[in-house]
Amino acid sequence: LGWRCRALGVALRRSHELRQAERQGRTEAEKRLRQLRTSFRGKDDGSVQGCAAQPGPSASEADDVFSSRPIGYMRTCFSRRSGTPRQPHLVPAAKGVLELKAKLPRDILSGLEDYSHCWIIYVFHENTNLGAEWGGKMKGKVQVPRLDGGKVGVLATRSPHRPNAIGLSSAKIESVSDKVLVVSGLDLVDGSPVLDVKPYIPFCDVINSATTPAWVGKDRAADLEPLHISKVVFTERASAKLRYCWENLAKSGHKAHKLRDLYKDYEDLVQLVDQVLGRDIRSVYQRTSEHKTGRDHVYHLHLLENVDVEYVHDKSEVEVIDAHLRISGKNSLAH
């Protein structure tokens with residue numbers, strides 16, 4: 001019986017590993033397709049295609065297509081989709097800088113510094129549902145993290161996997177100079193193409209009578225909130241390694257150097273990690289698979305281009321156990 005149980009355990013782990021490998025392979029293939037599509041479609045002007053529209057039953061079978069050109073690209077502290085907040089302002093320490101394209105008028109941001117917040121309209125450029133974007137069959141419902149995997153119609157969510165991969169986020173304005181905008185409270189992954197920026201105007205943007213479903217409410221009790229994290233703990237090793245990462249970040253690459261300038265000191269980096277991990281950022285699949293197998297898993301959070309943070313979950317607590325600094329152009333990690 002013992003031998004049989006061990007064999008079943010090995011088979012279960014193997015099945016889990018194969019499923020993860022298949023998922024990763026599919027994601028990489030779609031990423032490559034996305035890169036090829038961008039190279040073919042934006043060689044001449046960098047335009048972003050999308051926004052399909054159907055005027056009515058009498059219209060042609062072919063959707064109208066509108067093209068948009070990014071006004072710039074947002075450089076943010078979030079190097080990958082995994083770990084990027086699901087909503088704006090959940091991580092106040094999350095900063096980014098938008099440098100507008102050279103051909104735009106120099107005074108195009110003039111006056112925006114008089115506002116405290118702004119709206120950013122951008123493209124979910126790292127989406128992996130290319131089949132739907134290219135006219136394939138799209139899922140009507142998506143899994144919602146706060147429903148612990150329960151499904152809701154995609155247009156009733158903030159999911160990035162939409163008929164048109166366009167995002168809308170608000171952000172706090174930190175500074176405005178010439179054609180450079182620095183913001184905080186971001187939920188954008190690094191490199192997001194920005195289509196437009198608009199000022200946030202409280203008297204018409206705030207709707208005091210607005211209501212939401214119960215699962216959206218921010219005041220739910222902790223035991224009813226699947227993304228609740230009660231505490232983030234840093235081991236002594238992790239703290240020392242994070243300090244090393246901060247002190248050497250500027251040497252790890254040009255992009256990392258520029259992102260480092262958004263923060264003042266090592267304490268800012270610790271605050272950023274603490275705020276990001278202060279909510280459960282794992283996917284529904286990761287949360288449920290770990291619960292079923294009972295096996296602890298080391299997760300990775302990638303920040304500021306080259307910082308790799310390792311952490312583990314223990315029920316509603318997160319423990320940061322290590323950190324590494326990746327050197328641009330090299331596969332190795334600096335310790």
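**Close-up views of a predicted model**

**View 1. A network of salt bridges.** Arg-75, Asp-190, Lys-255 and Glu-305 are linked in a network of salt bridges (a side-chain nitrogen of Lys or Arg within 4 Å of a carboxyl oxygen of Asp or Glu). This is a predicted model, in which local features need pLDDT of at least 70 and side-chain atom pairs count only at pLDDT 80 or more, whereas totals for chains, interfaces and linings use all residues. Residues are numbered from 1 along each chain as its sequence is written, and side-chain values use heavy atoms, with hydrogens and water left out.

**View 2. The salt bridge between Asp-308 and Arg-326.** The side chains of these two residues meet at 3.2 Å, N to O. Asp-308 is buried, with a relative accessible area of 1%, while Arg-326 is partly exposed at 28% (buried means under 20% relative accessible area, exposed over 50%, partly exposed in between, with a 1.4 Å probe and protein chains only).

**View 3. The buried residues of helix H4.** Ala-238, Lys-241, Leu-242, Cys-245, Trp-246 and Asn-248 are buried in H4, and their cover includes strand S11 (231–234), helix H5 (254–260) and helix H6 (266–276).

Key:
Helix = DSSP H or I, 4+ residues; strand = E, 2+ residues; numbered from the N terminus. Contact = heavy atoms within 4.5 Å.
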